[in-house]
Amino acid sequence: MDENFQEEQFTGIIKFTPPLYKQRYQFIKDLVGKYKPKKVADLGCADCTLLWMLKFCSCIEVLAGLDICASVMKEKMHRLAPLPGDYLQPAERSLTVTLHHGSVAHKDPCMLGFDLVTCIELIEHLEQSELKKFPEVVFGFMSPSIVVISTPNAEFNPLLPGVTLFRHPDHKFEWNRAQFQSWALETARHYDYSVQFTGVGHPPIGMEKVGFCTQIGVFVRKYPQANESAQSEKPTKAAYKTVFKAVYPSLKDKKYLQNAVVSEVIFTAQIIKQSLMDHLMSAHEEYNDDPTERKSKFQPSMNCFPEDLGKLVVEKNMEPFVNGNVVYIPLTTIFSFPKVNRLCGTFEKLNELIAGKVTLSSDGSAVMFNTEHENEEN
C-alpha cells in the first residue's frame, strides 16, 4: 500500500537515509538479484513504484500487480508501458507486465506459477476476515517459491512524532515483533515454508532494543511443488479484473530479432565497405605520387580496418573486394562480428533472417553495395 507521503510527515525527527520506502524496495531488488526469479507478483502494488523498479531487472520475464484500489494503479500505470527506445533496441529477454484489480482474500488462476510474491506494507490494511484468508490464498493457493511480507513494527512507534495509535489511518492493526513472528512461524509451519526475520529502518543509537522500523519476513518454500490436494482445489474462474497489460518487444520474437539482425548486418557491412573504400582511395593517391608502385589488386592489411575487423578479415582470409562499381562484403566476415554472431547463433540463422531484406550476390555469399556515389565524391 502507498504510505510514502505519511512516512515523510512523521519521520521529521528520525531521518531515514534513504527514505524508508526506498529501503523496502531496495530490499526486494537485492532479493531479486540473489534468487533471479523469472515471475514476480506484487500484492498491494498501489502506485506501481516497486513494479516499475523491477521491470529493469534482466532476470524477470513476468511482472504482475494486484491492488484493491484500481484508481491508484491507473494513475501511474503508464510508467509500466514500453518506451520508444524499447522498440528501437529490443531486449533479449521477454517481459510482460499485468495489473489486476481485486482482493488478496480471493483466488484467481492468473496468480499461479510465480517464483516470488511480495506483500509490502499490505497485511496491516486487511480486515480480520481478509487476514484470515490471506495465508491460504498466498501460501496455499499461489504457493510461490518465495514470499516477502513487510509490516510496521509497533515497538518503533513511540519514536515517531505524531503517531498516536497507528501510522496510517487505514491500518487495522500494527504488530510488535513477537506478534508478527508468531503469526509468520505458524503460517510457515502450516504451509511447509521456512521463514527468516529481518527489517529496514534502523533505530537511533541507544534505542536498538526496539528493532527495525519496518519488520520483514522472508518465506521460502521447503518443497519444489505444492501438494496434490492443493493443486486439485485450484479454481478456473477468474476473480480479478485486468486493468493493464504490456508486452515488451523482445528479440525472442522473430519479427524484432529479424529487424535487429538486418540493421546490424547493414551497419557492419557499411563499416567494412567504408574501410575498404578509404584504403583504395589511399592506394590511388600513393599510385599517383609514385608511378613505380602499381597496385592492381586490393590486399587487405592490419592497417586497412579497425583492429578487431582487421584480425577477422586477414586471419580468416575473408576479404571484401570491389568488382566494377560493386563492393562485396562476405557474409562469413559479417557473421564473425560478436554482435551479429550473438544475435543469430548460427550462420544458417543469419541467412534465414536476412533473406529478402538485404541485397546479396547471386550465390548469396556476400552483401552488395554500389560504389557509384563514392566515385562521384572522389
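Mentor: We shall discuss a helix, several salt bridges and one arginine. This is a predicted model, in which local features need pLDDT of at least 70, side-chain atom pairs count only at pLDDT 80 or more, and totals for chains, interfaces and linings use all residues. Residues are numbered from 1 along each chain as its sequence is written, and side-chain values use heavy atoms, with hydrogens and water left out.

Trainee: How many salt bridges does a search of the whole structure find?

Mentor: The search finds ten. A salt bridge is a side-chain nitrogen of Lys or Arg within 4 Å of a carboxyl oxygen of Asp or Glu. One of them joins the side chains of E121 and R24, at 3.7 Å from N to O. These two are 97 residues apart: E121 is in the loop between β4 (116–120) and α6 (128–142), and R24 is in helix α2.

Trainee: Are E121 and R24 buried or exposed?

Mentor: Both E121 and R24 are buried. Buried means under 20% relative accessible area, exposed over 50%, and partly exposed in between (1.4 Å probe, protein chains only).

Trainee: What about α2 itself, which residues there are buried?

Mentor: They include R24, Y25, F27 and I28. Helices (H or I, at least four residues) and strands (E, at least two) are DSSP runs, numbered from the N terminus. After α2 comes K36, with a positive phi near 55°.

Trainee: New topic: which residues does E352 pair with in salt bridges?

Mentor: E352 pairs with K254, with the closest N and O atoms 3.1 Å apart. Since E352 lies in helix α13 (residues 347–354) and K254 in helix α9 (residues 254–289), this pair ties together parts 98 residues apart in sequence. E352 also meets K349 at 3.8 Å, N to O.

Trainee: And how far apart are E352 and K349 along helix α13?

Mentor: They are three residues apart, so about one helical turn separates them. E352 is partly exposed, with a relative accessible area of 40%, and K254 is partly exposed at 46%.

Trainee: Last one: where is R167 found?

Mentor: R167 is in the loop between β5 (146–152) and α7 (177–190). R167 is buried but has no salt bridge, and the nearest side chain of opposite charge, E174, is 4.2 Å away. Here Lys and Arg count as positive and Asp and Glu as negative, while His and the chain ends are not counted.

Trainee: What does the side chain of R167 reach at 2.9 Å?

Mentor: It reaches the backbone oxygen of C213.

Conventions
Polar contact = N/O pair within 3.5 Å; in protein donor to acceptor, adjacent residues only side chain to side chain.
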